[in-house]
Amino acid sequence: DWQASQPTLVFINGEYWGIQTIRDRVDERYIAYSNGLDKDSLVFRGFHNTQYFQLLNFMEFNDMVIPANYDSVKTHIEIENFIDYHIAQMYLKNYDWPANNMDMWKETNPSGKWRWIFYDLDAAFGDDYDYNMFEHMTVLDPNITWPNSLSSTFIYRSLIRNEEFKNQFINRYAELLNDDFQPDTLIRKLNKIIALYEPEMPRHISRWNYLESVSDWKNKIDTKIISFIERRPCAVENNLINFFDPSSFDFDCVDDEIV
């Protein structure tokens, strides 16, 4: 699940207010209509749910290294969703996470499993393309409350102790690096967004006096986003191999500058 949005030109009483974004509000109604469910048949924001705390309690007192314990957790968590969600957040280097902007939901029926919702990526990309999100997600400092508190990373830290989960996570990461996260693929998507916004940028910049010019806007795209897209795959490969030391990893980076 992700937050749908629509860029929009806004006028208030005829006065131009530039480009704003209409976004779906991430709540139980959004989950219901986007998944074809009745909102009363699901639980939103697991943090406030007794079943979620029972799951955390089970994971705290039952070692995930033991296959039977992990098998039990798999009946409560949609593992494929959990893995894809975490890989996306970590690959894009969403620094303002997971102690912030993390929600999950499940259906209330006996077979319902927790699923995570992808939204609010304003702290992603940036200059530090080599930022190590594996370390970010495994810091054990109890004094940290943001952005990676112990409670917010607990499930991930617990699950990577399990060999089955770890291998599935690593293999899926390699698959995404070879496909969805390929620089050419991401830059094609980015160029569509640039083409959508570019005709309106001179008026928007003039309205808010934010950014010096369209050239400044394009320069920030080049240095903050395109450079990240081009260099992130090799940095992630290096970080992942150093962190997990896998026997094999089905991805080979092509940036000789990354060591």
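Helices H7 and H10 are roughly antiparallel to each other, since their axes cross at roughly 165° and angles over 145 degrees are counted as roughly antiparallel. This arrangement is taken from a predicted model. H7 spans residues 163-177 and H10 spans residues 214-244, and the two axes come within 11 Å. The crossing in which H7 passes H10 is left-handed. On the H7 side, the contact is made by Lys166, Phe169, Ile170, Tyr173 and Leu177. H10 contributes Pro233, Val236, Leu240 and Phe244. By class, eight residues of this contact are nonpolar and one is charged, while none is polar.

Helix H6 covers residues 150-159. Eight of its ten residues are buried, and H6 is therefore largely enclosed by the rest of the structure. The buried residues of H6 are Ser152, Thr153, Phe154, Ile155, Tyr156, Arg157, Ser158 and Leu159.

The chain as a whole was also examined. Ten helices and five strands are present in the chain. Of its 259 residues, 43% are buried. Taken along the principal axes, the box filled by the C-alpha atoms is roughly 60 × 50 × 35 Å. The chain has an accessible surface of about 14,400 Å², and carbon and sulfur atoms account for 49% of this surface. Among contacts in the chain with a separation of 6 or more, 67% are between residues 24 or more positions apart.

Conventions. Residues numbered from 1 in each chain as written. Predicted model: local features only at pLDDT ≥ 70, side-chain atom pairs only at ≥ 80, totals over all residues. Heavy atoms only, no water. Axes fitted to C-alpha atoms, helices over the stretch in contact; angles between N-to-C directions. Helix = DSSP H or I, 4+ residues; strand = E, 2+ residues; numbered from the N terminus. Parallel < 35°, antiparallel > 145°, perpendicular 65-115°, else oblique. Left-handed = near helix turned anticlockwise from the far one by under 90°. Contact = heavy atoms within 4.5 Å. Nonpolar A, V, L, I, M, F, W, Y, C, P; charged D, E, K, R; others polar. Buried < 20%, exposed > 50% of the residue type's maximum accessible area, 1.4 Å probe, protein only. Areas by Shrake-Rupley, 256 points an atom, 1.4 Å probe, with all protein chains shown as cover.
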